[in-house]
Amino acid sequence: MEARHEELQVDVNGDEVFILDKVTSTTVSYCSVSPVSLLIICLSYSQSIMESFSPKLSRLFSNTTRQKPNQLKVIFDEFPGGAEGFELVTRFCYRNGKFPITPSNFVILHCATQFLEIDIDGSEKYVEEISYWTWSELVSGLKQCQLDSVSNSRFSSFILRKVMESIVARILLPVVTSSSTSSSSDGSTSSSSTATSFRSYYSSRNWWFEDLVFLKPDLFVKLVRLMVAEKLDHWVIFRFVVFHLKSNVGSTSTPNVDVKNMETAVDMFSMLDRSALSCKGLFDVLRVVSRSRAKIRSCQRVKLEILIGLRLDGATLDRLMLVPHRGRKRNKRHVYDVDLAMRLVKAFLIEGWVSPTRLKKVVNLFDNYIREVAPDIRLKTNKFLALLTILPDSGRESSDVLYQAIDMYLEGHVELCGKDERMRICSALNRGKLSGEALRQLAHNPRFPSMAAVNAFMAQQSKLSCSNGMSRSCYYNRSKSTTFEAMATKKAEDKSI
């Protein structure tokens, strides 16, 4: 399209071409071709309204050469706000600066005018007024800051910081919750009222989560860092990070964006107090990571598993029952991801000494886990033995659940369990911690070898270990033999041995 008399053509980011009348406020736009870096194709020059406002445009046009009369064209690449930003600037200029500036257009207009070196009267006042914007206006401003054409502009950083500071300040304001609760005749608060009050308090602290779920990883990191710096409750920040991750991964984003979101979340956890990281929330993140088709780096997954392992005493059995990764062949994988469960237990033990109370919780949890996975026909003997022995027996008050797990495994793996395998499995059971009922069941259970046979097997293994210089294993096996010899022997020999 040829430029008409006294008209200026402006190609904005290769998306649209604006045709501006130099005298009136008329603007016309149409689709343009691929973007080109800032280029002036100027031919014949006369002062335009835009140039009178923008020293940058004036300098650019003054250096052009005349080729054709009355033709002037400028091509911008990475113009802040794209076509919308340029249209706002033209309206501002053609109205001689008498353009209504509102929270809905200030961010883009500010970046666009700064790009063209156009001064806005009272711009400092507009910036200061950001802290008085309503919540919805702040969210709208943050969305404008996230636009690619704005976020890549060096003029957006100051405004972005001001908007984020105002958002965090608004979040930090105390939330007024109802303190009225129903009480019984003796003045005590009912449990239902307490539960209702807690839910109200919980939801009141999370009121802003959904409004900020649109944040892309880079802007999300900046906002979370600011929250930490402003000492927002780490528990609330952790809940927000988990909510943001669950809302974004697997939606309409690309695999690369999913990976960025997942790895960003894991990195954010290292900024928070460990006490603020709930085991439930961490398992939610692990489920998102495991189910996503996009795979994070192994080092990031290890970070996440260590964080979960350190909080494993707060886990429940349903959280631990995770399925294997999709990448493994279905006909070779277990029903549940026992390798992951073992890695979490190892992470729990990574600190070395743990309190007896915490150890007891994890042992009880894992014994029940072993009982759940024992029927899996793909669970090999060595892997089952590793499950049985990964935690110290000192944290176990009763071995009844472990006995049930072993019984279920031997029943479902007859073909896998020969004489030696059954001996090794049964030697992992401390019969001294079985209840009377469990001992009676064991004495008549044909799937278990006799105590005499187990003791003989363990003595033989002990000698082999000692001959190989494994003094620690030698001591361990001798101590177990002593435990078994102290128990009543089995009444009948197992005919299958």
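Accessible areas here come from the Shrake-Rupley method with a 1.4 Å probe. The model is predicted.

Q: What share of the accessible surface of the chain belongs to carbon and sulfur atoms?
A: The accessible surface of the chain comes to about 25700 Å². The part that belongs to carbon and sulfur atoms is 52%.

Q: How many of the residues of the chain count as buried, in percent?
A: Buried means under 20% relative accessible area. The chain has 497 residues, and its fold holds 23 helices and five strands. The share of residues that count as buried is 46%.

Q: What percentage of contacts between residues at least 6 apart in sequence join residues at least 24 apart?
A: Take the contacts in the chain between residues at least 6 apart in sequence. Those joining residues at least 24 apart make up 71%.

Q: What is the mean pLDDT of the chain, and which stretches have pLDDT below 50?
A: The mean pLDDT of the chain is 78, and 72% of residues reach 70 or more. Over residues 1-5 the pLDDT is below 50, with 10 contacts in the model beyond near neighbours in sequence. Residues 470-497 are also below 50, with 53 such contacts. So the answers are 78 for the mean, and for the stretches, residues 1-5 and residues 470-497.

Q: Is helix 13 largely enclosed or open, and how many of its residues are buried?
A: Helix 13 covers residues 279-291 and reaches 18 Å from first C-alpha to last, close to the 18 Å expected. Its buried residues include F283, D284 and R287. Cover comes from helix 11, helix 12, helix 14, helix 15 and helix 16, among others. Helix 13 is largely enclosed by the rest of the structure, because the buried count is 11 of the 13 residues.

Q: Which helices do the buried residues of helix 6 pack against?
A: Helix 6 runs over residues 135-146; its end C-alpha atoms are 17 Å apart, which agrees with the 16 Å its 12 residues should span. Its buried residues include W135, L138 and L142. They pack against helix 4, helix 7, helix 8 and helix 10.

Q: Is S153 buried or exposed, and which residues does S153 touch?
A: S153 lies in the loop between helix 7 and helix 8. At 10% relative accessibility it falls under the 20% cut-off, so it is buried. Its C-alpha is 9.2 Å from that of G81, 72 residues apart along the chain. Not counting residues up to four places away in sequence, S153 touches P80 and C111.

Q: What is the phi of N96?
A: N96 is found in the loop between helix 3 and helix 4. At 55% relative accessibility, N96 counts as exposed. Its phi is positive in a residue other than glycine, near 55°.

Q: What is the phi of E117?
A: E117 is found in the loop between helix 4 and helix 5. At 34% relative accessibility, E117 counts as partly exposed. Its phi is positive in a residue other than glycine, near 60°.

Q: Which residues form a nonpolar patch on the surface?
A: One member, I306, is found in helix 14. At 30% relative accessibility, I306 counts as partly exposed. Together the patch has about 240 Å² of accessible area, and its members are V302, I306 and I350.

How values were computed
Residues numbered from 1 in each chain as written. Predicted model: local features only at pLDDT ≥ 70, side-chain atom pairs only at ≥ 80, totals over all residues. Heavy atoms only, no water. Helix = DSSP H or I, 4+ residues; strand = E, 2+ residues; numbered from the N terminus. Expected span 1.5 Å × (residues − 1). Buried < 20%, exposed > 50% of the residue type's maximum accessible area, 1.4 Å probe, protein only. Contact = heavy atoms within 4.5 Å. Patch = residues over 30% accessible without salt bridge, like charges linked within 9 Å, V, L, I, M, F, W, Y side chains within 5 Å. Salt bridge = Lys/Arg side-chain N within 4 Å of Asp/Glu carboxyl O. pLDDT = per-residue confidence, 0-100.
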